[in-house]
Number of protein chains: 2
Amino acid sequence: MKYGVILNVLGALLRFLGAIMLVPLIVAIYYGDSLYPFLIAVTITGLTGIFLSKRYNSPDEWKAREGFAIVALGWLSAAVFGSIPYMLDGISPVNSLFESMSGFTTTGATVLLDIEAHSRSILFWRSMTQWLGGMGIIMLFIAILPKLGVAGRQLFRAEAPGPTEDKIKPRIRETAKILWMVYCSISLIEVVALLLAGMSVYDAITHTFTTMACGGFSPYAQSIASFNNPLIEGIITLFMFIAGANFALHYRTLYTDRKSLVKDDEFKFYAVVIIIATSILTFSLWNYMDETISSSFRYAVFQVISIMTTTGFATVDFNLWVDSAKIVLLAVMFIGGCAGSTSGGIKVVRFLLLLKYAKRALFKSIHPRAVQPIKHNNKTVPDDVMQAIVSFVVIYFMIFAVSTGLLSLMGMDIISSVTASIATLGNIGPGFGLVGPMANFDVLPLVGKILLIANMWIGRLEVFTVIVMLTPEFWRR
Amino acid sequence: MKYGVILNVLGALLRFLGAIMLVPLIVAIYYGDSLYPFLIAVTITGLTGIFLSKRYNSPDEWKAREGFAIVALGWLSAAVFGSIPYMLDGISPVNSLFESMSGFTTTGATVLLDIEAHSRSILFWRSMTQWLGGMGIIMLFIAILPKLGVAGRQLFRAEAPGPTEDKIKPRIRETAKILWMVYCSISLIEVVALLLAGMSVYDAITHTFTTMACGGFSPYAQSIASFNNPLIEGIITLFMFIAGANFALHYRTLYTDRKSLVKDDEFKFYAVVIIIATSILTFSLWNYMDETISSSFRYAVFQVISIMTTTGFATVDFNLWVDSAKIVLLAVMFIGGCAGSTSGGIKVVRFLLLLKYAKRALFKSIHPRAVQPIKHNNKTVPDDVMQAIVSFVVIYFMIFAVSTGLLSLMGMDIISSVTASIATLGNIGPGFGLVGPMANFDVLPLVGKILLIANMWIGRLEVFTVIVMLTPEFWRR
């Protein structure tokens, strides 16, 4: 293990993060907020970055292990240094780290008790961390800093380790640039759309940050319910749906082939799941909750897309819904959005391939000697990809089960334990019970918060990148 | 598809079942109960069997499909004809089928409202169906009827499709005979032990039937709690533990190698899970439920083994426990006992191999080019076995999710829907909430009962044997 390489790259990352923190500083100047939180945060983050990158040698080359360590520790560092403004705003260190990790990982779970009491610049930073984390801070770093070269691919794969690789360009730096540009462009369109729908500039930018990142933070405790505006809901629903799909396909749809998106197996399945879940949820709300068909549909489509894309916005306190409605949301929590999107969760493509795998096994039990490869987008899926998917799902459910068990041992009920675990591991945000959409994660004991911080970190990096560091094998030699 | 072959073998099976029903008839004579339920059941079952086996040709040879159909429909027929005595006892047809399917599949979920109000012969039959289903009615059929020959192996595999095959003898009929003899012998020992502990002959036999089968029916509504006797609890705990382990290993331990059981990877993991779950449950009951350490341990060890082996006996209404205690039971519900045992669930070996699979993936992410086969009992696990395990687990969870969703749409709460689904699919019996150990499945709507009857049937035959019949491919040509 080349520790010097890791620390050098982390240093560069922190200098970069320090520079980014100048943005909320400008916002603080504009709104006349206290400048100390961001001035001090920029100074500490920048100086630490400069120290590390000067003290340790520049990276020459590294192996997979160093790549995992850089990405896992890079995200942890971003969360730690990104929590400085919250701490200087008077929030306790663990709560600050929780909020910061929930931001960068685009989870959207909050421990802030009175959200509106915080300054506009602090809430701007809170939304902005989600936007940075959505497309990936490491990817942004790769796109902007020239010196990483070939080693960048490893970081890219460790940060966004979806089962299907989309090579937009042969050079990873070009790919990262394109993805970030597509992300920025669609974000800009959403800002304009929200402004036209009557939102203020501040609200439009902060909600775009957290929609496009599938994040779910809002500067308002009542989330999207505070607007009570069908047009705004519709725009946010549409952009959540876009953000939960593959950005490489968005690029192709815009520049090479108009049908890229609709031809994609994962996207089709994503749309089908949303349609089925919305239908069941609409029926359930209409049948059990005394809602009209149209208001049932309005709540259902927003909430299914919000939860499935792991955004976590709410237009209603769905914790008060009938259990059959909650089960629909619980089911889509486990699925998540598409690979290559800004969403979290297990991801649609993994479910789809597991279903194809199971279907093949049924076929094989009747025709034992038949050879039938698994196809995705008309290409055969290699065995090692299937193995990685199965292993991912096994480890994911293991962490989910352990987390649920530990929370229940801290005295939480089953529903709250289950949903707090999946809501953080899947980077969704709200769950049910104690951690419902209008409730607050501050009710958890300190050690529970630390557990959920770990869940968010592990979940954002799709399990392997963090978990592999816990194996003795990783540290050997 | 050779329908004649299927109907012929089903006929033979029903004649056989009719003959077995003479046993509860004798019990009814002994206790002076009404003889009609069993007289009529024997007549209908026997005559249907004779008709089918005379009308259709004797089996010459068949393929995998016919084997699946015989086993799946054989179990369904046993449940249907086995429900005749209940119907003649005044229970509604769907409730009778529920109780009969719950019996043969060794689930142990009950819809009888006042258990003690039924005659001793009816309750004897109820327990006896579990014992017959425990080691397998098809396996008993193979062991006793000589004419199946080579085709028996297919039936054997379709009834007990564990991922690891244990060939005790080259001939499948010998293997089936030996397993049934081991099963009878250990059952006899349990009867003697329970008699020595002070049980009546009737109680000792009926409870042995349902312990050795990992079934869980008791002629008493209060289950094992009705005895309130630590010695009886201890004996039943021990025999549940034995019944939840692999009977092929029991045979080897008795006749070839004393260390067969303790050397086995699955058995070791089974024991470790029980120890860990019992420890956490003991702590949880002691910490949250104001129990002493010793009574916490007494409840915990009984309940963990009862639920993990999918027996479902209760010494306490665990539905009243704190949620952290319930989560321990919920976790072991999903695991189940060992392959080759009379238990249900996903089975310990499948979990163990999935964990090894995930561990290998972590290793591979650091050493991408390393070749590391998955070992079980020092033998490499073939790829197709791993594929079958993964597919099994995927289909199992799919059925679980669909069943849970459907129950919730019928108005059940999440906890009851989840546990009613897993308790029937895993052939466990009781769940939590509406379907707790001292509650009753009669609260479910009619369509809910039919769904759970299907779950029990699908679960007992480990998913594939039934589900494959739902594919169009199965019926083609």
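This is a predicted model: local features need pLDDT of at least 70, side-chain atom pairs count only at pLDDT 80 or more; totals for chains, interfaces and linings use all residues.
Residues are numbered from 1 along each chain as its sequence is written, chains are lettered from A in the order in which they are written, and side-chain values use heavy atoms, with hydrogens and water left out.

Along the principal axes, the C-alpha atoms of chain A fill a box of roughly 65 × 55 × 50 Å. Chain A contains 23 helices and 2 strands, where helices (H or I, at least four residues) and strands (E, at least two) are DSSP runs numbered from the N terminus. Of its 477 residues, 63% count as buried; buried means under 20% relative accessible area, exposed over 50%, and partly exposed in between (1.4 Å probe, protein chains only). Among the contacts in chain A with a separation of 6 or more, 71% come from residues 24 or more positions apart, a contact being heavy atoms within 4.5 Å.

The contact between the two chains takes 46 residues from chain A and 46 residues from chain B. The size of an interface is often given as the accessible area lost when the parts come together. Here the area buried between chain B and chain A is about 4000 Å², of which 76% comes from carbon and sulfur atoms; the accessible area (1.4 Å probe) lost is summed over both parts. Several helices of chain B each supply at least two residues of the side that touches chain A, including α4 (64-82), α15 (265-288) and α19 (383-409). The most is given by α18(B), with 11 residues. By class, this side of chain B has 27 nonpolar, 12 polar and 7 charged residues; Ala, Val, Leu, Ile, Met, Phe, Trp, Tyr, Cys and Pro count as nonpolar, Asp, Glu, Lys and Arg as charged, and the others, Gly among them, as polar.

Across the interface of chain B and chain A, 0 salt bridges are found, a salt bridge being a side-chain nitrogen of Lys or Arg within 4 Å of a carboxyl oxygen of Asp or Glu. Over all chains, the count comes to 16 salt bridges. One of the pairs is E233(B) with R298(B), at 2.7 Å from N to O. Because E233(B) lies in helix α12 (residues 230-243) and R298(B) in helix α16 (residues 293-308) of chain B, the pair ties together parts that are 65 residues apart in sequence. E233(B) is buried at 6% relative accessibility, whereas R298(B) is partly exposed at 30%.

R350(B) and E462(B) also form a salt bridge, with their closest N and O atoms 2.8 Å apart. R350(B) lies in helix α18 of chain B and E462(B) in the loop between α21 (446-460) and α22, so this pair ties together parts that are 112 residues apart in sequence. Both R350(B) and E462(B) are buried. In a further salt bridge, the closest N and O atoms of D265(B) and K268(B) are 3.9 Å apart. These two residues, D265(B) and K268(B), are 3 residues apart in helix α15 of chain B and are therefore separated by about one helical turn.

Technical notes. Buried area is the accessible area (1.4 Å probe) that two parts lose on being put together, summed over both.
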